[in-house]
Amino acid sequence: MIGNLFISTFLSLKAHKLRVFLTMVGIIIGIASVVTISTLGEGMKKQILSSTSAMNTDVVKLHYTMQQDSEEGVYYYEEPDFSFSRIDMKKVQGIDGVKAIYPEYGNFYGGDNLQVQMNYFNIVSYLQVAPNNNAEKTFLCGRDFNESDVGKNAIILNHSLFDYDNQFENPEELLDKAVSINGYMYKVIGILEKFSYESLSQSEAMALDWTTVDSSLVSRASYNELSKSQAIKGINFKLEEGVDKHEVLAEAIGIMEESHQDVKGFFAENDMNQKEMKQMEDAIGSLTMFLMAITAISLLVGGIGVMNIMYVSVTERKREIGIRRAIGAKPRVILFQFLSEAAFITLLGGLIGVGIGYSLSMLAGGFIEIIPVMTPQIFLISSGVSVMTGVIFGIIPAFSASRMDPIKAIYN
Amino acid sequence: MEEIGEKKEPLVVLKNINKYFPAGKEKLHVLKNLNLTIYQGEFIMVMGKSGSGKTTLMNIIGFLDRISEGSYFFNQQDVSKLTENKKSEFRNEYFGFIFQQFFLINSLNVIQNVKLPCVYEKKKSGREQNELGKKYLAAVGLGDKAKSKVTELSGGQQQRVAIARSLINDPLLIMADEPTGALDSETGTEVMEMLKKLNQHGKTIVMVTHDKDLTRYATRVVYMKDGRFLEEAIQ
């Protein structure tokens with residue numbers, strides 16, 4: 001029976017190839033849009049996830065904050081009444097599953113930055129200083145660290161110092177000069193070229209450590225020296241493999257709470273990265289939903305096209321319906337026949353749409369540097385939505401066909 | 001007119017049948033208190049002018065239309081108030097229809113048209129349906145046309161395809177509505193000979209016609225006027 005239904009459907013549609021194709025256009029456009037948006041969205045999510053996992057996921061960050069976690073993501077800065085001591089670090093060092101711990105000095109931006117004061121003659125500036133990370137750098141002038149700097153205080157200045165502070169007429173005037181930082185004399189061995197945000201690709205932007213973009217760089221030894229006078233804002237735990245980070249975190253928080261019962265703030269995980277990722281994902285999700293709504297409208301239009309053409313088909317084939325009913329087709333058989341025709345049109349349109357949509361997303365992905373990802377879910381949902389569109393918009397014409405009086409249908 | 005017909009095994013028994021059609025606010029009384037018994041093996045011709053009610057009577061017998069008043073027994077079963085599904089089943093299992101305009105489905109080829117009642121019967125496999133289709137096509141002399149498009153056939157050939165379709169489920173009753181009306185006289189005679197042969201093999205046939213010449217094929221002829229039977233002739 002089902003085999004015959006398919007044959008009958010195929011033969012009926014084959015008789016009106018052009019009309020069937022034109023009916024499919026709306027569905028093709030709708031599904032192609034869905035697939036383009038979904039595969040690009042999925043690609044973007046995957047890219048974000050991979051850049052997140054490139055960050056240290058085996059590191060748990062404990063910090064002290066004056067606010068309870070806010071669902072709305074609205075925070076008001078309040079100077080903390082507490083900073084971690086080296087004794088605190090020793091206390092949490094022995095927790096099971098912790099491979100290593102290190103302090104986080106951090107400033108408002110987080111990360112490894114130290115906020116220091118730099119004096120050059122009578123000019124006072126504030127710098128963010130991070131340890132040299134051996135990454136490739138582009139210099140405006142001067143050079144990178146080398147062996148000759150070992151045991152000496154040397155600094156590579158970030159161009160941002162000159163971008164935000166116009167006390168220096170020419171950045172290069174500082175090269176090879178000595179500046180005073182926290183009372184120590186540092187020799188400026190290089191100045192980084194101005195960081196260009198515009199030239200960043202999306203993937204480069206996501207992989208970038210934004211906390212140190214504006215930082216000047218000193219050697220690790222100098223950094224440690226400078227950090228001695230800095231408050232410890234957080235403790236980072238590097239975990240052994242397979243360790244549950246929540247357990248470690250809970251234990252560390254427990255130890256801290258017990259040791260510092262008189263503080264006003266809270267000990268909690270510093271999950272700014274995760275929050276940012278979540279916000280980004282949510283933003284992509286909202287954008288996707290918005291575009292989906294537009295797509296739904298195009299599917300609605302496509303669906304109405306299907307409904308229209310099914311009505312035409314039912315009217316044209318009244319006699320055929322009457323003949324089929326006369327020789328024994330039950331009303332539901334007629335219903336299924338027309339429904340299957342509508343579903344077949346939209347399924348075929350959907351499959352063509354999936355193909356076109358994926359091709360379009362590959363094309364668009366080339367321009368915006370996102371590799372589109374086609375998941376089985378996207379394929380199944382798109383095909384399913386197509387079939388559902390056919391069924392939903394085909395049901396009324398199919399129902400009217402099934403309710404026709406055989407005699408009236410035969411003799412029109 | 002009282003009940004007519006010989007006392008054999010009754011296949012169709014219509015008692016006090018009335019049929020009304022709505023005509024604006026009025027009702028059109030099309031069949032007026034009809035009584036008819038059709039026995040197995042009969043070849044009945046219903047004759048009458050246009051508007052006499054003969055086609056409505058045929059549609060009622062073939063479950064294509066419902067009665068307004070009265071009762072209908074088919075094969076000793078009260079079928080006056082069947083559901084749409086049940087009526088479809090009865091038409092499929094017990095009736096074969098032959099129409100004046102053949103009424104084949106153009107998007108299907110010859111054998112697909114012939115086996116369509118089997119498809120709706122859902123009792124035979126695809127292979128059995130095909131074999132049966134070929135058998136009946138051969139019986140009407142179109143064994144070589146199984147895969148042809150119906151639009152490629154002549155009128156006479158199309159009517160023979162319709163006859164094969166009406167026979168495929170081995171019905172108890174064949175309903176023929178002016179089966180020669182659209183054919184030339186030679187082809188019409190061929191079709192009538194075919195129906196006669198079927199009747200001789202035991203098939204019960206009810207046929208509606210205008211053509212008085214065809215009454216020689218019937219075992220009984222009933223005449224209708226204004227929704228009533230006028231007279232009968234038993235041959």
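Reader: How many cavities of 30 Å³ or more does a search of the whole structure find, and what makes a space a cavity?
Author: The search finds 4 of them. The points lie on a 1 Å grid over the protein atoms alone, and a cavity is a set of points where a 1.4 Å probe fits but cannot get out. Two notes before we go on. This is a predicted model, in which local features need pLDDT of at least 70, side-chain atom pairs count only at pLDDT 80 or more, and totals for chains, interfaces and linings use all residues. Residues are numbered from 1 along each chain as its sequence is written, chains are lettered from A and ligands numbered from 1 in the order in which they are written, and side-chain values use heavy atoms, with hydrogens and water left out.

Reader: What volume does the largest cavity have, and how do you know which residues line it?
Author: Its volume is about 90 Å³, where volume is the space filled by probe spheres set on the points, and points are joined across faces, edges and corners. A residue counts as lining if it has an atom within 4 Å of a point. Residues that line the largest cavity include A:Ser12, A:His16, A:Arg19, A:Met310 and A:Glu341.

Reader: Which helix gives the most to that lining of the largest cavity?
Author: Helix 8 of chain A does, with 3 residues. Helix 1 (2-14), helix 2 (17-54), helix 8 (272-316) and helix 10 of chain A each supply at least two. Helices here are DSSP runs (H or I, at least four residues), numbered from the N terminus.

Reader: How do the residues of that lining of the largest cavity divide?
Author: Into 5 nonpolar, 3 polar and 3 charged. Ala, Val, Leu, Ile, Met, Phe, Trp, Tyr, Cys and Pro count as nonpolar, Asp, Glu, Lys and Arg as charged, and the others, Gly among them, as polar.

Reader: Which residues line the second largest cavity?
Author: Chain B residues, among them B:Ile60, B:Phe63, B:Asp65, B:Tyr72 and B:Lys87. The second largest cavity has a volume of about 70 Å³, and its lining holds 6 nonpolar, 1 polar and 3 charged residues.

Reader: What makes a space a pocket instead?
Author: A pocket is an open set of points with protein on both sides within 12 Å along at least five of seven lines. The second largest pocket has a volume of about 570 Å³. Of its 17 lining residues, the closest to the centre are A:Glu136, A:Lys137, A:Leu192, A:Phe195 and A:Leu208. That lining divides into 6 nonpolar, 6 polar and 5 charged residues.

Reader: Which residues of helix 9 of chain A meet helix 10 of chain A?
Author: A:Glu320, A:Ile321, A:Arg324 and A:Arg325 meet A:Pro331, A:Ile334, A:Gln337 and A:Phe338 of helix 10 of chain A, contact meaning heavy atoms within 4.5 Å. The residues of this contact divide into 4 nonpolar, 1 polar and 3 charged.

Reader: What makes helix 10 and helix 11 of chain A parallel or antiparallel?
Author: Helix 10 and helix 11 (residues 376-402) of chain A pack at about 150°, with their axes 7 Å apart. That angle therefore makes them roughly antiparallel. Their contact has 17 nonpolar, 9 polar and no charged residues.

Methods. Axes are lines fitted to C-alpha atoms, for helices over the stretch in contact, and angles run from 0 to 180 degrees between N-to-C directions. Angles under 35 degrees count as roughly parallel, over 145 as roughly antiparallel, 65 to 115 as roughly perpendicular and the rest as oblique.
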